[in-house]
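Please have the sequence and the structure open while I talk.

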Amino acid sequence: MNYQKTVLSNGLRVVSSRMEHVRSATLVIYVGVGSRYERADEAGISHFLEHMVFKGTEQRPDPALISQEIEGVGGILNASTGKESTNYWVKVPSAHLARSFDVLADMLRHSRFAPEEIDKERGVIVEEIRGVEDTPDELVHDAIDELIWPEDPLGRPISGWESTVAAIDRARLVRFLQDEYRPDRMVIAAAGDLRHEEVVALADQHFGDLRNSNLDTFRPVDGTQRAPRVQIMTKPTNEAHLCLGFPAVPYTDERRYAQEMLDAVLSSGMSSRLFVELRERLGLAYEVYAFFREYADTGQGVVYAGIDPARLDETVHAIVRELRKLREEPVPAEELRRTKELRKGRILVGLEDSRAVASWIGGQELVFGEVWTPEQLMDRIDAVSAEDMQVLARDLFQPERYNLVTIGPVEGEQRLLGLLRE
């Protein structure tokens, strides 16, 4: 993969990758701000803002005009909000790249934030929040975040709470946009059938006059935990849902490559340890998986399973046993080799369209300030040893750092705490 990078005079970074074999172009605008940058009394404002920029601009006052502008040429327009970043993206036939810039710039710089649209969207977001509360396999993930990071912005749901969403008004949305959406936190990434010079010119035309500020709303997390924690959310469900989570290393830590290998061993595909043990051998769960998320100053590992409530103890025991096994025994050479090939293969397979490539270069530039090629990343994967993974597993998989959330017809907090300490 080849890419080019230009930094505009205001600090906004522009990265692009030309793909000779495609006829599409994807534009992604990354903003390095998300829910952990919010004050407690306005939790959910990043997500609310992301919704509102689709609800009409000075040039396109009807929200339908925004989507029609892209969909009318066969394109796709969407956005998402995370804990540390928000992104807006458009994928179109490459002849319409300039249109993509015009629409996204109009949304981010000239949204009307009409009071009637704010009230309408507030209702939509409240229903989204209530929908999660009524969906145990989603709610359990919000709950494990809060249990790992109590009283911290990282532990809050990205959508916020009904009470905070109710208090967000036009003035707050405008202030948040002006304060947080600034060029030193932004990356414009494009990939596909395009030229870097064209991308830079369009970026400068639409965003070159954005001004920076000195505001810093990032708050480091307090990662202190000295004893396991359990939260039981009793609900009359047919299935129990559980998340076992623990703090992990941040993306600034070189051990992240070993962490990503632990992730793959545990949960990448039907040959992974959790799938083979909990689903195939023990028949405990239809759905079981693990994931690691990395942030600027911390990380998170989580194992999820949906199970028969009567088999909760057996499931927790099996998960703890698999984590302990990684702590106590090095990954065998053949499993290590196979997992490395799986990871490298999925990197290559995942970079076959313009959106994937734009996300690759834009996401890395936003987080690391540089872009690694797939080959460079695969070299780092190859360099991870079984010893590296075992040393990290001993740090991560410590019973006193475990957190367990269950949702369903479940009881017995002390009993579950005992299982975590095994």
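How many helices and strands does the chain have? The chain has 16 helices and 11 strands, where helices (H or I, at least four residues) and strands (E, at least two) are DSSP runs, numbered from the N terminus. Before I go further, this is a predicted model, so local features need pLDDT of at least 70 and side-chain atom pairs count only at pLDDT 80 or more, while totals for chains, interfaces and linings use all residues. Residues are numbered from 1 along each chain as its sequence is written, and side-chain values use heavy atoms, with hydrogens and water left out.

Let me begin with the overall build. Along its principal axes the C-alpha trace spans about 60 × 50 × 40 Å. Buried residues make up 56% of the 422 residues, and here buried means under 20% relative accessible area, exposed over 50%, and partly exposed in between, with a 1.4 Å probe and protein chains only. If we take contacts (heavy atoms within 4.5 Å) between residues at least 6 apart in sequence, 82% of them join residues at least 24 apart.

Now to the sheet. In what order do the strands of the open sheet run? There are 5 strands, in the order β7-β11-β8-β10-β9, and the pairing is mixed, with two strands counted as paired if DSSP finds at least two bridges between them. The edge strands are β7 (229-234) and β9 (285-294), each of which pairs on one side only. From one strand to the next, the twist averages 10°, with axes being lines fitted to C-alpha atoms, for helices over the stretch in contact, and angles running from 0 to 180 degrees between N-to-C directions.

Helix α10 (residues 273-281) lies across β9 and β10 (299-307), running at about 155° to β9. Helix α11 (residues 312-328) packs on the sheet, touching β8 (240-248), β10 and β11, and its direction makes about 25° with that of β8.

I would next like to look down helix α14 (residues 374-383), whose buried residues are P374, L377, M378 and I381. Seen down the axis of α14, these buried residues fall within an arc of 100°, so they line one face of the helix; the arc is that of the directions from the helix axis to the C-beta atoms. The face turned away from that buried side carries the exposed residues D379 and A383. What covers the buried residues of α14 includes α9 (256-267), α12 (333-349) and α13.

That brings me to the charged pairs. A search of the whole structure finds 40 salt bridges, a salt bridge being a side-chain nitrogen of Lys or Arg within 4 Å of a carboxyl oxygen of Asp or Glu. One of them joins E365 to R13, the closest N and O atoms being 3.2 Å apart. Why does this pair tie together parts that are 352 residues apart in sequence? E365 lies in helix α13 (residues 354-368) and R13 in strand β2 (residues 13-18), so the pair spans that separation, and both E365 and R13 are buried.

A second pair is R175 with E42, at 2.7 Å from N to O. It links distant parts of the chain, with R175 in helix α7 (residues 170-180) and E42 in the loop between β3 (24-31) and α1 (45-52), 133 residues apart. R175 counts as partly exposed at 27% relative accessibility, whereas E42, at 2%, counts as buried. These two residues also belong to a network of salt bridges that links R39, D41, E42, R172, R175 and D179.

The last pair is R130 with E127, which meet at 3.1 Å from N to O. Both lie in helix α4 (residues 115-133), 3 residues apart, about one turn of the helix. R130 is partly exposed, with a relative accessible area of 37%, and E127 is partly exposed at 47%.
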